[in-house]
Every structure is written in C-alpha cells, then in structure tokens.
There are 2 protein chains.
Amino acid sequence: MARWPPDAQARLTRAALELFAERGYEDTTVVDIVERAGLGKTTFFRYFKDKREVLFGGDERDDLVGDAIAAAPASATPLEAVAAAFDAAARERFTAERREPLTMRQQVIDANPQLREREALKYLGLVASMTTALERRGVAELQAAVSAELGILTLKLAFARWIAAKKAEDFGPLARRTLGEVRASAGR
Amino acid sequence: MARWPPDAQARLTRAALELFAERGYEDTTVVDIVERAGLGKTTFFRYFKDKREVLFGGDERDDLVGDAIAAAPASATPLEAVAAAFDAAARERFTAERREPLTMRQQVIDANPQLREREALKYLGLVASMTTALERRGVAELQAAVSAELGILTLKLAFARWIAAKKAEDFGPLARRTLGEVRASAGR
C-alpha cells in the first residue's frame, strides 16, 4: 500500500490555494496547509521544497515549451513553431479542469509583489528556453529573440484572457488568435 | 566651499567598477571603494544607498523612456514614439564618454547571477514604463504591450552591439537600425 494517498499533491495544492486566498500568502504556514489537507508535514515536503513551490514548482520541472518547439515540423516558420508550443501548453497545462486552480494561483501571485517578481523571472526563463529552442532549429539569433519575446508576450496575454473569460475556452485556438493580433501589432 | 568634491560620484563609480572587475562584485566592500577613490564613507552614502546602487542607482531616478515617448509628436506611430526614446537615451545615457564605464558595468553584471536577475527586473520596469507611456498616447493595450516589448528588446540588442563595436558609434542611429531588423523579424 502506498504511504502517500495518490491525490496528496492535488489536495495539498488545493488547500494551499484556498488558504492563500483566505488569509494571504504571507500569513499561511506549511502547518496550516497540511492541517487543511488532512495530511502530514512529511507528505508536504515530499512534493514541495517550501510554500512557494506550491505556486512555482510544477512548471519548472520540464521544458514543455522548448520540447514542443523542437518537435515542430522542419518546415514551420519561427512563429509557427512558437504556436506549436501553445498547443502543447493547451494539452498539458491549460486544460479545462485546471482553469479554476490556475485562476486562484494567479490571484495569489497578483496580490504579492515578491511573487510577481518571481513570476516575471520565470517568464524570462521561458523566453530564454524558447530562444534556445528556436536557435537549435537554425533560426538566426535576432530572429529567435524576437519570436521568443512575441511568443511569451502572447502566452501571457492569452493566459490572462483564458482565465478572465466567462466560460472555459480551448487555450490552443485562443492563443493562436492572440498571436495573430500580436503579429499584426508588431509592424506598427 | 562644497563639502564633497564635485566629481565625487564619478570617482566613486570609477573606483567601484575597477574593483568589481579586479576582485569580483561580491569581494568588494564599500570601504575598498572609498579607499580607492580617496574619499570617505559618508561621501559614498551621500550618493549611493549601498554597493549595488553604484550599478543600478542612476538609471532609476527618472523616467527617461516614458518622458521621451510622451514628448514624441502626436502623429508618431507607436514604434516611432519608441524610437524617440532611443534618441533620448543616446543623448542622455549612451554617450561616447560613457561607453567605457557602461561596458565595465555590463561585464560586472554579466558575471554575477544575482546582478543579472536585478538587471532583468529593471528591464521589466522599463517595459512597464514604456507600455504606460504608450497607453497615455491613446495606443490600445495590446498594441502598447507589443510595441514596448519590441522596444526594450531593441534597446537591449542595440546596447549589446554598441558596447561590442570596435569604435564608438552614435547610439541613436544604431538603435533605429536595430529596430528596423526587429520589426522585419516580427512578422515571420
């Protein structure tokens, strides 16, 4: 029999997000989180290094964006390869059932300057991954930098639209539509 | 008679940059800096809150970029207004005599992960200033965000070219040329 319940990580995340929303991020402790989740501290530290990892842990363990760009067809233009990363994000991160916890998470981050700074640095890491992945496809340095900046800006804008929408929408088409608007704006 | 020599700030900056280059940023103290400059600690703290301010102080005290965008002709497109900010930067920051200290400064930052992070956040602050300044001109939100991202990316790329060039070049035209390349890349 497993020592940790199979849904422990999801329960801890949910409990943490609820508490961050209720009391604020600063005023929530790991003890509060495990009590709310009905689990122990050892279980918490099996999944998360600290409280902040509940918000920033998962997305950094792999390079979804870089892998999707690498896997795009050889014929894809830089921005088409970037769009392939949005489709991967739609399948693996921005799914309908994750919209509510991701919305709660974003509200917690938006309310805290340190967390906003942390998030900004995470996005810069994504720009760097995207740039490297495009360069590996043979895209020239300046072109790769521009495509990656526009790609991550699109991701941010599309994500904001996705969580703000009244009802759940498929993230992939929404992000591709946003990319079209960003491209159209880039020449002005 | 002035209590501080009129060139005290420049002497302190120069001494600090030399020491950062020689021993590394972490291994240089404020005492080292004032000794090298032949000045006292009180003088140092008149100009800088701490050692890091020698690198990041000056550029944050005003909103050069935002002001230049606000002052651009009403008929200017978003990217033309951004280019006006490059001209202001060329006049007030990236002058021929500042190329050497700015190059030394950049080498110090590039060698230190915490300073790189600090610099990245500073650039994000510039994106935000630029976005706000464009929106105040009546530019729509998404258009302002795209123009600001491309503007700051151009500023970074042009600055890297400016310090890498064998001989000093006028920053304004260099930045406008770089903006042209960035625009051309944005549609692909």
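This is a predicted model: local features need pLDDT of at least 70, side-chain atom pairs count only at pLDDT 80 or more; totals for chains, interfaces and linings use all residues.
**Figure 1. A threonine inside a helix of chain A.** Let's start with A:T131, which sits in helix α8 of chain A, a helix covering residues 113–136. Is A:T131 buried or exposed? With a relative accessible area of 15%, A:T131 is buried, because buried means under 20%. Look next at the side chain of A:T131: one of its polar atoms lies 2.7 Å from the backbone oxygen of A:V127. Which residues touch A:T131 if we leave aside its neighbours within four places in sequence? They are three alanines, A:A144, A:A145 and A:A148.

**Figure 2. The whole of chain A.** How many helices and strands does chain A have? The count is ten helices and zero strands, so reading from the N terminus gives α-α-α-α-α-α-α-α-α-α. Along its principal axes, the C-alpha trace of chain A spans about 50 × 35 × 30 Å. Chain A has 188 residues, and 51% of them count as buried. Take the contacts in chain A with a separation of 6 or more: 62% of them are between residues 24 or more positions apart.

**Figure 3. An asparagine in a loop of chain B.** This view moves to chain B and to B:N112, found in the loop between α7 (99–110) and α8. How does B:N112 count, as buried or exposed? B:N112 counts as buried because its relative accessibility is 8%. A polar atom of the B:N112 side chain lies 3.0 Å from the backbone nitrogen of B:L115. Setting aside neighbours within four places in sequence, B:N112 is in contact with B:Y25 and B:E26.

**Figure 4. Two chains and the axis that relates them.** Here both chains come into view. In general, two copies of a chain are related by a rotation about an axis and a shift along it. What rotation superposes chain B on chain A? A rotation of 180° does, with 0.0 Å of shift along its axis and an RMSD of 0.0 Å. That is the relation of a two-fold axis. In chain B, the C-alpha nearest the axis belongs to B:A186, at 3.1 Å from it. The same surface serves both copies, since 100% of the contact residues of chain B recur in chain A.

**Figure 5. Where chain B meets chain A.** This close-up shows the interface, in which 24 residues of chain B are in contact with 24 residues of chain A. The size of an interface is often given as the accessible area lost when the parts come together. How much area do the two chains bury between them? Chain B and chain A bury about 2200 Å², with 67% of it on carbon and sulfur atoms. In chain B, the residues that lose the most area to chain A are B:L142, B:E149 and B:R188, together 26% of what that side buries.

Figure 6. Which elements give two or more residues to the side of chain B that touches chain A? They are α6 (78–92), α8 (113–136), α9 (141–164) and α10 (171–186) of chain B. Helix α9(B) gives the most, with ten residues. The residues on this side of chain B divide into 13 nonpolar, four polar and seven charged.

Terms used:
Residues are numbered from 1 along each chain as its sequence is written. Chains are lettered from A and ligands numbered from 1 in the order in which they are written. Side-chain values use heavy atoms; hydrogens and water are left out. Copies are superposed by least squares on the C-alpha atoms of residues with pLDDT of at least 70 in both. Contact means heavy atoms within 4.5 Å. Buried area is the accessible area (1.4 Å probe) that two parts lose on being put together, summed over both. Helices (H or I, at least four residues) and strands (E, at least two) are DSSP runs, numbered from the N terminus. Ala, Val, Leu, Ile, Met, Phe, Trp, Tyr, Cys and Pro count as nonpolar, Asp, Glu, Lys and Arg as charged, and the others, Gly among them, as polar. Buried means under 20% relative accessible area, exposed over 50%, partly exposed in between (1.4 Å probe, protein chains only). A polar contact is a pair of N or O atoms within 3.5 Å; within protein, one must be able to donate a hydrogen and the other to accept it, and residues adjacent in sequence count only if both atoms are side-chain atoms.
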